[in-house]
Amino acid sequence: MHLCSIDLAVEQALARLPAHIHMGLPLGLGKPNAFVNALYARIRELPDRRLTIYTALSLGRPALGDGLQRRFLEPFVERVYADYEELTYVTDLLHDRLPANVRVEQFFMQPGSLLHSHAAQQDYVSSNYSHAARDINAKGLNLVAQLVAADPQRPNHLSLACNPDITLDLLPMIEKRRAAGETILLLGQVHSELPYMPGDSELALDDFDLLIDQPEQRRLFSTPNLPVSTQDHCIGLHASTLVRDGGTLQIGIGAMGDAVAAALLARQADNAGYRALLDELDVDPWQALIEREGGLDTFAQGLYGCSEMFVNGLLALAEAGVVRRPADEQGVVVHGGFFLGPRAFYQRLREMPFEQRAQFAMTRISFINELYGQEELKRRQRRDARFVNTVFGMTLLGAGVADQLEDGRVLSGVGGQYNFVAQGHALEGGRSVLLLRSWREAAGLVTSNLFWRYGHCTIPRHLRDIVITEYGIADLRGQTDSECIARLLAICDSRFQGELMEKAKAAGKLAEDFELDERYTDNTPERLEAIRARHARLFPEYPLGSDFTVEERDLLRALNWLKSKFKLSEVLELGKAALDAPAPEAYAAQLARMGLGQPQGLKEELYQRLLLAGLEATR
């Protein structure tokens, strides 16, 4: 191991590696941004050298935008991200200005952030997460750089902490190539805020060729919890009924994942209220499925978490005693490949006693996302597995859409979703559960997320299993096409059922005399909002905590409402919406937070009135 400064590490890489540097960076949080930026800056000035970066989920602050959005985000971003160092290549990707001698290949992108980047779209690599190490190694990887964690209790070791996922799979491949005479460097930099995760993710100090001699002190990237809507809560509640006590759980990041965690917490802590709410949601049509695959009782045995992403929701479930079933004799209750979350999530892990932290075993992605390799052990551990993932669209024939738009642009990536869907079918007692908001609204236009056809799919229809919307559960496994269509129509928003039904009939996939049962014809947001009003305590807006102030939560609600109703860029056309807005005194604190307490000029007066309209509509 060679201790060195960032500048010296760059010099070492340039001196010891060939003209074309193939650098692998961890997915998400574990990138050593300062080193990456320094190497990128040097290569950019050396036209005879080349750099290809292989990575995924290159994180950056949210775009501030203009107008009301900017007024809201600017102070929040400054507070939450503070001195976080942005990745220069991400900024250049966004503006399509990467130098000619640099490429960035990603197998997963920060959702929606690079839709308009030609370079990012052209250099996207469609790979299962479990195959990423294989594919990167085959490209000639010769430099691996990542953040690591240190702990006085383990003086001769470093932890890959948030990202052992791909690195642990790469190491045997790297050693094989080194034995054949290739030079491949492993570089680490300690981050002072990164929790030290013991176990598989630990490496000896001597495993690193280069170690930056100064720990990174700047803030880790975090993902603040977003509000959980009525729509998402109802999806989470339905999903929670299919989780079997003593079973296995995988969930993802985002509002729908938080909603599943919130519903499981309610099932454990307020079982009577939880059951009363489900009665009102009317889960009777799926009662047999719930009794066979899940349950409504509290968790006597607890769950084991096996999730590529160790998320805040899994930690909250463990803290509440829901996730507590040991997978092995070491007492591991969660196996994870990488983690990312809000600042409080990192803090809770850092402050946790070392022995307790060992219950959350960060390990290689091949262990989590595939069954082959230690298959007997995995099948024993992953009993009654529920792999819960999200999609943004679903065809009536059962194909799921999660990563790519119809025009070919990549929204995010397949990641490990296909891995888990396949496991759901391969494991005895396992089920794949896809969560879907049945409708969306943008700029006043409401559209269905259930389609007759779509030009792309992430999950092919021959792997269809369970689909859940806010209106209920569709068990599609082993069903005929006509039954699949009927079951999805039953959980579709009623505004779109008729048109979709006619398309299915016109295609000859649904009988001409088919009619939807009357109980499914009141699938409306209004019915769900009325139920929420009667069970408000089980619909927390931020069930896992929030980085937003009280005023910011009010403002976020108002801005989301305005965004759903109007195009905020067309300010002058929105005047009518502001005519009936309340007096400014009613929302003085919120207006002050937006710098609109004393509007200057016509535009700010209009901003104030629009904001007041949104605040009043969402109070």
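This is a predicted model: local features need pLDDT of at least 70, side-chain atom pairs count only at pLDDT 80 or more; totals for chains, interfaces and linings use all residues.
Three elements, β3 (50-55), β5 (143-148) and α7 (167-179), each contribute at least two residues to the lining of the second largest cavity. Sorted by class, that lining comprises 10 nonpolar, four polar and one charged residues.

The count of cavities of 30 Å³ or more comes to two. The largest cavity has a volume of about 160 Å³. Its lining consists of 18 residues, of which Lys31, Asn33, Tyr84, Leu147 and Arg219 are the closest to the centre. By class, the residues lining the largest cavity divide into nine nonpolar, four polar and five charged.

## Domain arrangement

The protein chain is divided into domain 1 (2-65 + 83-216), domain 2 (230-530) and domain 3 (550-617). The C-alpha centres of domain 1 and domain 2 are 32 Å apart. To the contact between these two domains, domain 1 brings 37 residues and domain 2 brings 34 residues.

## The interface between domain 1 and domain 2

The size of an interface is often expressed as the accessible area lost when the parts come together. Between domain 1 and domain 2 the buried area is about 3,100 Å², and carbon and sulfur atoms give 62% of this area. On the domain 1 side, Leu115, Tyr129 and Met197 supply 18% of the area buried against domain 2, more than any other three residues.

Charged side chains also meet across this boundary: there are two salt bridges between domain 1 and domain 2. In the model, arginine 343 and glutamate 193 form a salt bridge through their side chains, with an N to O distance of 3.3 Å.

## The surroundings of alanine 119

Alanine 119 belongs to helix α5, which spans residues 118-122. When neighbours within four places in sequence are set aside, alanine 119 is in contact with Leu93, Asp96 and Leu98. Histidine 95 is 24 residues from alanine 119 along the chain, and the C-alpha atoms of the two residues are separated by 9.3 Å.

How values were computed. Residues are numbered from 1 along each chain as its sequence is written. Side-chain values use heavy atoms; hydrogens and water are left out. On a 1 Å grid over the protein atoms alone, a cavity is a set of points where a 1.4 Å probe fits but cannot get out, and a pocket is an open set with protein on both sides within 12 Å along at least five of seven lines; lining residues have an atom within 4 Å of a point. Grid points are joined across faces, edges and corners, and a volume is the space filled by probe spheres set on the points. Ala, Val, Leu, Ile, Met, Phe, Trp, Tyr, Cys and Pro count as nonpolar, Asp, Glu, Lys and Arg as charged, and the others, Gly among them, as polar. Helices (H or I, at least four residues) and strands (E, at least two) are DSSP runs, numbered from the N terminus. Domain bounds come from an automatic or database domain assignment. Contact means heavy atoms within 4.5 Å. Buried area is the accessible area (1.4 Å probe) that two parts lose on being put together, summed over both. A salt bridge is a side-chain nitrogen of Lys or Arg within 4 Å of a carboxyl oxygen of Asp or Glu.
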